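Subject: the structure I promised

Hi,

Here is the structure I said I'd send over. Have a look first, and then read on for what turned up in it.

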Amino acid sequence: MKLKAMKLKAAVLVPLAAGALVLTGCSTDSTATETAVNTSSCAPTPEKVDGAPDWTVNGTEGKALFTVTDDKTNAAPKIQLTTPFKVDKTQVKTLIAGSGELVTESSTAIVCYEGVNGRDGKVFDSAYQSRTPAPLPASRLVPGFTQALVGQKVGSTVAVVITSADGYAEGNPDAGIEPGDTIVFGLKILAAQ
């Protein structure tokens, strides 16, 4: 994983109080629960995605559409936004339920994910673009991302729309997130430790 990507993941997903945490290693160890999914890479969203969205969220402003792509290759769910997109309540949807170990607040989940800013529709962080899964300690993430992970099973594909209060109420300038921005994620849980 490139150093710049590691710093951005830490800046984007780890609250400021735990900003010194350095995420290391991008593969599972012998204590991780393995499933039939490939846990060593993330695949970008295919160029063409057919079919109706699997989840549509009508925000207080705009709309978010999530479409599952090729789940077997860990491909990113397609996220389409009508911007600006804003919600007043964090919402989580399991697009595909996994059958592996349950993710708890004490778990470190190995995740492929993509984060999109609701204000402008721009991707601000993506393990899919780097093609490298990230180890994310569930207890050290912004509250909305923790809500998306905890209670899910390994192998699940999940979508979440996160209010500013459950994301970055003060903003995160390094990621281009301003105070009040809703953030949106599509993610696939590959393993839990």
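First, a term you'll need below: two strands pair if DSSP finds at least two bridges between them. Also keep in mind that this is a predicted model.

Let's start with strand 5, which spans residues 108-117. Of its 10 residues, 9 are buried, so the strand is largely enclosed by the rest of the structure.

Which strands does strand 5 pair with? With strand 9 it runs antiparallel, joined by 9 bridges. V116 and V123 are bridge partners here. Strands 5 and 6 make a hairpin, with 5 residues between them. If you click through that turn, stop at G121, which has a positive phi of about 75°.

Now for the inside. In soluble globular proteins, nonpolar side chains tend to be buried together. The largest nonpolar core in this model has 32 residues. Which residues have the most contacts inside it? They are Y113, F145, L149, F185, L187 and I189. At least two residues of this core come from each of strand 5, helix 2 (127-130), strand 7, helix 3 (143-149), strand 8 (157-162) and strand 9. Strand 9 gives the largest share, 7 residues. Apart from this core lies another one of 13 residues, including I79, L95, V116 and V184.

F185 sits in strand 9 (residues 183-192). Is F185 buried or exposed? Its relative accessibility is 1%, and buried means under 20%, so F185 counts as buried. Between F185 and A76 there are 10.0 Å in space, C-alpha to C-alpha, although the two are 109 residues apart in sequence.

The other is I189. Which residues does I189 touch, leaving aside its neighbours within four places in sequence? The list is V103, A109, I110, L149, Q152, K153, V154, G155, S156 and V158. L149 and I189 are both among the residues with the most contacts inside the largest core.

That's what I have for now.

Cheers

Technical notes. Residues are numbered from 1 along each chain as its sequence is written. This is a predicted model: local features need pLDDT of at least 70, side-chain atom pairs count only at pLDDT 80 or more; totals for chains, interfaces and linings use all residues. Side-chain values use heavy atoms; hydrogens and water are left out. Helices (H or I, at least four residues) and strands (E, at least two) are DSSP runs, numbered from the N terminus. Buried means under 20% relative accessible area, exposed over 50%, partly exposed in between (1.4 Å probe, protein chains only). A nonpolar core is a set of buried Ala, Val, Leu, Ile, Met, Phe, Trp, Tyr and Cys residues joined through side-chain atoms within 4.5 Å. Contact means heavy atoms within 4.5 Å.
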